[in-house]
Amino acid sequence: ANRVIAYLAQNDDTGVHYRASAARADLHAYSDSDWQVTHSITGFAVMMAGAAVSYSSKRQQSIALSSTEAEIMAASQCACEILFMRGLYADMENDISKPTILYVDNSGAVQLARDRRSCQRSRHIQRRFLKLREWQAEGHIKLVYVNTADNAADVLTKPLPTREFSKHVATLTGAV
């Protein structure tokens with residue numbers, strides 16, 4: 001608690017900055033996981049108008065057998081939040097005809113979400129996490145690969161060096 005209070009006191013000029021010039025329906029998201037041999041960490045942030053409108057960082061419910069499975073679990077959690085946000089924006093009469101981009105830093109997870117085939121390396125992944133395939137086929141979301149260095153959700157899953165931490169926090173708060 002003392003560290004949090006000290007951080008807040010040292011960074012009292014920091015805040016979330018939404019841009020009015022950003023497109024109102026510019027909804028996109030970042031998801032990441034920190035794969036471990038125990039329960040991995042899921043982190044995601046849903047962005048709009050240049051800053052995060054929703055984010056989460058929590059331990060995954062089950063133990064992933066691979067980094068790809070951990071990333072699929074994280075992307076699935078984020079996709080659920082995206083669908084909720086898309087419903088809110090539709091209720092506010094915003095255009096959500098285009099799919100919401102979900103940035104993931106694991107190319108295997110992106111390929112698995114696109115490919116409807118079953119292979120030996122992915123048969124163990126539970127059905128609920130592969131709902132991403134249906135949502136992508138229906139045009140609600142689109143998984144896109146992003147380099148780990150540019151994945152803002154990385155800050156929500158693991159401790160980072162100061163430079164990377166500051167870069168990702170600036171992205172999430174709209175200070176870029």
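How many of the eight residues of S2 are buried? I opened the notebook with that question, working on a predicted model. I found that seven of the eight are buried. The strand is therefore largely enclosed by the rest of the structure.

**Entry: the sheet**

I traced the strand order next. The sheet is open and has five strands, running S3-S2-S1-S4-S5. The pairing is mixed. I noted S3 (51–59) and S5 (141–145) at the edges. Each has a single partner strand, so one side of each is left without a neighbour in the sheet. I also took down the twist, which averages 20 degrees from one strand to the next.

**Entry: what packs on the sheet**

I then looked for a helix against these strands. H2 (residues 67–91) packs on the sheet. I listed its contacts as S1 (28–34), S2, S3, S4 (100–104) and S5. The direction of H2 makes about 155 degrees with that of S1.

**Entry: the partners of S2**

I went back to S2, residues 41–48. On one side I have S1, paired with S2 in the antiparallel sense over seven bridges. In that pair, Tyr 30 stands opposite Ala 45 in S2. The pairing of S2 with S3 is antiparallel too, over eight bridges. Ile 41 faces Arg 59 in S3. Phe 44 faces Ser 56 in S3.

**Entry: the turn between S2 and S3**

I followed the chain from S2 into S3. The two strands form a hairpin, with two residues between them. I checked Ala 49, which lies in this loop. Its phi is near 55 degrees, a positive value in a residue other than glycine. Is Ala 49 buried or exposed? I read 14% relative accessibility, and with the limit for buried at under 20%, Ala 49 counts as buried.

Glu 93 sits in the loop between H2 and S4. I read a relative accessible area of 74% for Glu 93, which makes this residue exposed.

**Entry: helix H3**

I turned to H3, residues 107–114. Which residues of H3 are buried? I wrote down Ala 109, Val 110, Leu 112 and Ala 113. Seen down the axis of H3, they fall within an arc of 165 degrees, so they line one face of the helix. I looked up what covers them: the list includes H2, S4, H4 (131–137) and S5.

I also checked the start of H3. There, a side-chain oxygen of Asn 106 comes to within 2.9 Å of the backbone nitrogen of Ala 109.

**Entry: H2 against H3**

My last entry is on the two helices. H2 and H3 pack at an angle of about 65 degrees. Their axes are 8 Å apart. I logged the crossing of H2 past H3 as right-handed. From H2, the contact is made by Thr 68, Glu 71 and Ile 72. From H3, Gly 108, Ala 109 and Leu 112 take part. I marked Ala 109 and Leu 112 again, as both are on the list of buried residues of H3.

Key. Residues numbered from 1 in each chain as written. Predicted model: local features only at pLDDT ≥ 70, side-chain atom pairs only at ≥ 80, totals over all residues. Heavy atoms only, no water. Pairing = 2+ DSSP bridges. Helix = DSSP H or I, 4+ residues; strand = E, 2+ residues; numbered from the N terminus. Axes fitted to C-alpha atoms, helices over the stretch in contact; angles between N-to-C directions. Contact = heavy atoms within 4.5 Å. Buried < 20%, exposed > 50% of the residue type's maximum accessible area, 1.4 Å probe, protein only. Arc of directions from axis to C-beta. Polar contact = N/O pair within 3.5 Å; in protein donor to acceptor, adjacent residues only side chain to side chain. Left-handed = near helix turned anticlockwise from the far one by under 90°.
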